[in-house]
Amino acid sequence: LEMIEREGSLGAFLWRFEVPPGAASTRGASTSAQSEALSKALKKLGWKFVGPTTVYAFMQSVGMVNDHHPDCHCHGPSERARKAFRRPV
């Protein structure tokens, strides 16, 4: 509860850990520095079953990281969606 008061929303808290567009590629990885940091932050708040691999899969699914190969047909649409997305505040 205090995390939501501090951050404004759960979404705002989560998106603080977004992998920046153009960051070093994580293609083929199952974790990232950001997923490890988010995992630790969630565990500190008492969350369970939020290891870095699970968190990374979540980050992929909601668009916090686009690790599609640039030649993949999904890469361009994913990048456009990320640019258009308004991050929670």
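A search of the whole structure, which is a predicted model, finds zero disulfides. C72 takes part in none, and the cysteine sulfur nearest to that of C72 belongs to C74, 4.2 Å away.

C72 is partly exposed, at a relative accessible area of 27%. C74 is also partly exposed, with a relative accessibility of 26%.

## Aromatic pair F13–F17

Two aromatic pairs are present in the structure. One of them joins F13 and F17 in an edge-to-face arrangement, with ring centres 5.5 Å apart and an angle of 70° between the planes. F13 and F17 are both buried.

## Aromatic pair W15–F85

W15 and F85 make up another aromatic pair, this one tilted, with 4.7 Å from centre to centre and 35° between the planes. W15 belongs to helix α2, which covers residues 10–15, while F85 sits in the segment after α5 (75–84). The pair therefore ties together parts of the chain that are 70 residues apart in sequence.

The two partners fall into separate accessibility classes. W15 is buried, with a relative accessible area of 14%, whereas F85 is partly exposed at 36% relative accessibility.

Key
Residues are numbered from 1 along each chain as its sequence is written. This is a predicted model: local features need pLDDT of at least 70, side-chain atom pairs count only at pLDDT 80 or more; totals for chains, interfaces and linings use all residues. Side-chain values use heavy atoms; hydrogens and water are left out. A disulfide is a pair of cysteine sulfur atoms within 2.5 Å. Buried means under 20% relative accessible area, exposed over 50%, partly exposed in between (1.4 Å probe, protein chains only). Rings of Phe, Tyr and Trp (its six-membered ring) pair if their centres lie within 6.5 Å; planes under 30 degrees apart count as stacked, over 60 as edge-to-face and the rest as tilted. Helices (H or I, at least four residues) and strands (E, at least two) are DSSP runs, numbered from the N terminus.
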